[in-house]
Amino acid sequence: MKLWKGRFSKDSATSADEFNASIGFDRRLYREDITGSIAHAEMLGRQGIISTEESALIVKTLKEILKDIEDGKVEFTVEGEDIHMNIETLLTERIGSTGKKLHTARSRNDQVAVDFRLYLRKETDEIDVLLKELMETLKKLAEEHVETVMPGYTHLQRAQPVTLAYHLLAYYNMFSRDRERFADCRKRINRLPLGSGALAGTTYNTDRQFLAGKLDFDSVLPNGMDAVADRDFALEFLSCVSVTMMHLSRFCEELINWSSVEFGFIEMDDAYSTGSSIMPQKKNPDMAELIRGKTGRVYGDMMALFTVCKGLPMAYNKDLQEDKEPVFDAADTLKASLGIFREMISTMTVKKDSMRSAARYGYMNATDAADYLVSKGIPFRDCHSIIGNMVLYCINEGKALDELTMEEFKSFSPAFEEDIYEAIDVVNCIRAKKSEGSTSFDSVRKQLKDISGEN
């Protein structure tokens, strides 16, 4: 029997029940729902809204239901609609009319809101742990590759020589900001909606501050209508997930390129690669490709909830039942992606010689050659033109810059001396960088030292 049936003169259609029910997906909120209900029952007893004996019985029985659910002894029903009504039905079946008192001074509107916030708080904490583990893996890899020289790119064209550690630390910093975003988002998730009722509060003398303390919320949402009607905390969570997936996807794109024969910078471990059903030579970076693909799905989750919320009048509307599936999917996808990505990069093989060889060619020391002329007193724009002409000459002659003779150098500018060869050596190009945050070996070591101090 439906707990709201009193006002209705006939049963709802079976098809309507099936369409209306959310138990198929919100069943995962069972722990949060029972946690919130226990706190609510304790508050009702403390305030004398129900007796302390009734409160204690409800709490005891809810804990038994929780154990039974986790032991696989409970079957949820579509007739119960959602996780909230299923658990309340179980409670009432076990302790009779006392169980019916649990919902005093509470609506499903504030009940689902507190469940959702408890769930997102837990997911945010789990994501933070996974991000921290990934950053530790990146830091370890960077420490191993402080002097591993590779090409740096812009427009996917070889630009300037850098180190692999420098490249890895760029992503380390992105994921560090992702952690900051989730931490900031958590502050807005961790505000209590319970006790707001359906939208207008309640006539009972409740204690929302007690509920906040019991459930470890930082504060109480001050307006009941806002507390039950808005999902900006979930949208913000989805935004954080989307940004982190974007960072993973960018990294995966590079790893996919680097693992190709054309780049040959890395090789994925067999345990994180797949083969072809027809081409026996293939070794595909499918884990990286899947993360890149799943990023689009997470963006869809975010846009789905934005679209659900965009035209809703105050206060609660049934549309908000659609808030959970995209959030569940996005959180699950990010956690799985973070875990497999960390395993994938920790087991890949870095081909240092291939990276270093690629750094020598492609005229990536051209900027350093221009800086060399600047040191001789020539204006940078003139230096840029001189080196541009020199690169064109080298392309036509099939030479690298450091393969030019001194006579050839001087044909472009009399300012060139023998020390140009030292200035445009790829390793010296990296070592010579002086600005804070640069790719120089000393700068990268300092960056590693600084992040070690943060952790």
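The model is predicted, so local features need pLDDT of at least 70 and side-chain atom pairs count only at pLDDT 80 or more, whereas totals for chains, interfaces and linings use all residues. Residues are numbered from 1 along each chain as its sequence is written, and side-chain values use heavy atoms, with hydrogens and water left out.

**Overall form**

The secondary structure of the protein chain consists of 20 helices and 6 strands; these are DSSP runs numbered from the N terminus, with helices being H or I of at least four residues and strands E of at least two. Along the principal axes, the C-alpha atoms fill a box of roughly 100 × 50 × 40 Å. The radius of gyration of the chain is 31 Å, while a compact globule of 455 residues would have a value near 23 Å. This radius is taken over C-alpha atoms, and the globule rule is 2.2 Å times the number of residues to the power 0.38.

Of the 455 residues, 48% are buried. Buried means under 20% relative accessible area, exposed means over 50%, and partly exposed lies in between (1.4 Å probe, protein chains only). The accessible surface comes to about 22100 Å², and carbon and sulfur atoms account for 51% of that area; the areas come from the Shrake-Rupley method with a 1.4 Å probe. Among contacts (heavy atoms within 4.5 Å) with a separation of 6 or more, 76% are between residues 24 or more positions apart.

**Helix 12**

Helix 12 covers residues 286-309. Its 24 residues reach 35 Å from the first C-alpha to the last, close to the 34 Å expected at 1.5 Å a residue; the expected span is 1.5 Å times one less than the number of residues. Its buried residues include A288, I291, T295 and V298, as well as D301, M302 and L305. The cover over the buried residues of this helix includes helix 11 (232-258) and helix 13 (324-347).

**Salt bridges**

Side chains of opposite charge can pair when their charged atoms come close. The structure holds 37 salt bridges, each defined as a side-chain nitrogen of Lys or Arg within 4 Å of a carboxyl oxygen of Asp or Glu. Three of these pairs are listed below.

| Salt bridge | Closest N and O atoms |
|---|---|
| E54 with K101 | 2.4 Å |
| E143 with K139 | 2.9 Å |
| D368 with K433 | 3.0 Å |

E54 is buried, at 17% relative accessible area, whereas K101 is partly exposed at 32%.

E143 and K139 both lie in helix 7, 4 residues apart, which is about one turn of the helix. Here E143 is partly exposed, with a relative accessible area of 41%, and K139 is buried, with 11%.

The salt bridge between D368 and K433 links distant parts of the chain, 65 residues apart. D368 is in helix 15 (residues 366-375), and K433 is in the loop between helix 19 (426-431) and helix 20 (441-454). D368 is buried at 9% relative accessible area, while K433 counts as partly exposed at 22%. Elsewhere, salt bridges that share partners join E32, K122, E123, E126 and K335 into one network.
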